[in-house]
Amino acid sequence: MHLECLMPRWGCLVQSSAGRVRVTSRSSSSFGDTQVMHSGGVFAAVRLLPGDELIAGLRCLQPDTGNEAMTVVTCAGRLRSANIGHADVNCGRLYEGRSEIVSLAGTMDRHHRHLHISNVDTEGEVFGAHLLPGSAVCTTAGIVALILPDLSFGRAPCDRSGFDERTITKRKAEA
C-alpha cells in the first residue's frame, strides 16, 4: 500500500510505502523565519547503572561519536533523586526519593542542553520540567539518542522571546 499526504501549511510531503515513512521538505517559505535544517542521523543507546548521573550519562555518547548535535529520543528508568528547574525560577528543586521516568526529551551539544523530563513518584503524582545536573539513577536508565552529524547547535539572543535560544547550523566539514 502506498499513501501520500501533502501538508502545505508545513511545506512537507509525507509518503508511506511498505511500512516505511519518509518526510520530505517541499519548501521552507511557509515557515517564515523559523530555522529548518536537515541531517542524517545515527541512533545510539546507553544503559546507565545505579548512582550514575543522568546528564553525564547522556554526555558520554558525544565524545565517542565526535558529533556536536544530539537529540534524546526516549528514556525508560528510575531515579533516586531528580534535580528539576521550573519555569521562571533561577534555581533547581531537588526531588528526593524514587521516581519512574515517564519521558525525557530535548537537545544537547557539547556546551549546552535543553532537556525536559517527566517523572512519577510512588504516589502516582507527576512532576517535571527542565532536567538539571544532579539527577541520580536508582536502578537503571536506558536511553536512546539520535546523533545528528550534519548539524551544530548553539545559543544566541532571540529578539522575539527575549532569551538565549537554540540555534541550528550546518556543521562544517572537517579538513
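Biologist: Let's start with E5 and strand E6 (residues 92-108): what makes them a pair?

Modeller: This is a predicted model, so everything here is computed from it. DSSP has to find at least two bridges before two strands count as paired. E5 and E6 are joined by 11 bridges and run antiparallel, so they pass as a pair. One spot to look at is Ala 82, which stands opposite Tyr 95 in E6.

Biologist: And the hairpin of those two: how many residues sit between the strands, and which one takes a positive phi?

Modeller: There are 6 residues between E5 and E6, and Asp 88 takes the positive phi, near 60°.

Biologist: Which other strands does E5 pair with, and how do you know?

Modeller: Strand E9 (residues 136-148) is joined to E5 by 10 bridges, and E8 is joined to E5 by 2. The cut-off is at least two bridges, so E8 counts as a partner of E5 as well. Both of these pairings are antiparallel. For E9, find Ala 69, whose bridge partner is Leu 148; for E8, find Ile 84, whose bridge partner is Leu 131.

Biologist: Asn 83 is in strand E5 (residues 69-85). Why is Asn 83 called buried?

Modeller: Asn 83 has a relative accessible area of 16%. Buried means under 20%, so Asn 83 is called buried.

Biologist: What does Asn 83 touch?

Modeller: Leaving out residues up to four places away in sequence, Asn 83 touches a list of residues including Gly 92, Arg 93, Leu 94, His 130 and Pro 133. There is also a polar atom of the Asn 83 side chain that lies 2.7 Å from the backbone oxygen of Pro 133.

Biologist: Over to Ser 152 in strand E10. Is Ser 152 buried or exposed, and why?

Modeller: Buried. Relative accessibility is 11% for Ser 152, and the cut-off is under 20%, so Ser 152 counts as buried. With residues up to four places away in sequence left out, Ser 152 touches Glu 68, Ala 69, Thr 167, Ile 168, Thr 169 and Arg 171.

Biologist: How do you know that strand E10 (residues 151-157) and E11 pair?

Modeller: They are joined by 7 bridges and run antiparallel. The rule asks for at least two, so they pair. Arg 155 stands opposite Arg 166 in E11. In the hairpin of E10 and E11, 6 residues lie between the strands, and Gly 162 takes a positive phi near 85°.

Biologist: Now the largest pocket. Which residues lie nearest its centre?

Modeller: His 114, His 130, Arg 155, Phe 163 and Asp 164, out of 18 lining residues. The space in the largest pocket is about 480 Å³. E7 (113-121), E8 (126-131) and E11 (164-170) each supply at least two lining residues, and E7 gives the largest share, 3 residues.

Biologist: How many of the lining residues are nonpolar, polar and charged?

Modeller: The lining has 7 nonpolar, 6 polar and 5 charged residues.

Biologist: And the chain as a whole: how many helices and strands does it have?

Modeller: It has 2 helices and 11 strands. Of its 175 residues, 30% count as buried.

Definitions and conventions. Residues are numbered from 1 along each chain as its sequence is written. This is a predicted model: local features need pLDDT of at least 70, side-chain atom pairs count only at pLDDT 80 or more; totals for chains, interfaces and linings use all residues. Side-chain values use heavy atoms; hydrogens and water are left out. On a 1 Å grid over the protein atoms alone, a cavity is a set of points where a 1.4 Å probe fits but cannot get out, and a pocket is an open set with protein on both sides within 12 Å along at least five of seven lines; lining residues have an atom within 4 Å of a point. Grid points are joined across faces, edges and corners, and a volume is the space filled by probe spheres set on the points. Helices (H or I, at least four residues) and strands (E, at least two) are DSSP runs, numbered from the N terminus. Ala, Val, Leu, Ile, Met, Phe, Trp, Tyr, Cys and Pro count as nonpolar, Asp, Glu, Lys and Arg as charged, and the others, Gly among them, as polar. Buried means under 20% relative accessible area, exposed over 50%, partly exposed in between (1.4 Å probe, protein chains only). A polar contact is a pair of N or O atoms within 3.5 Å; within protein, one must be able to donate a hydrogen and the other to accept it, and residues adjacent in sequence count only if both atoms are side-chain atoms. Contact means heavy atoms within 4.5 Å.
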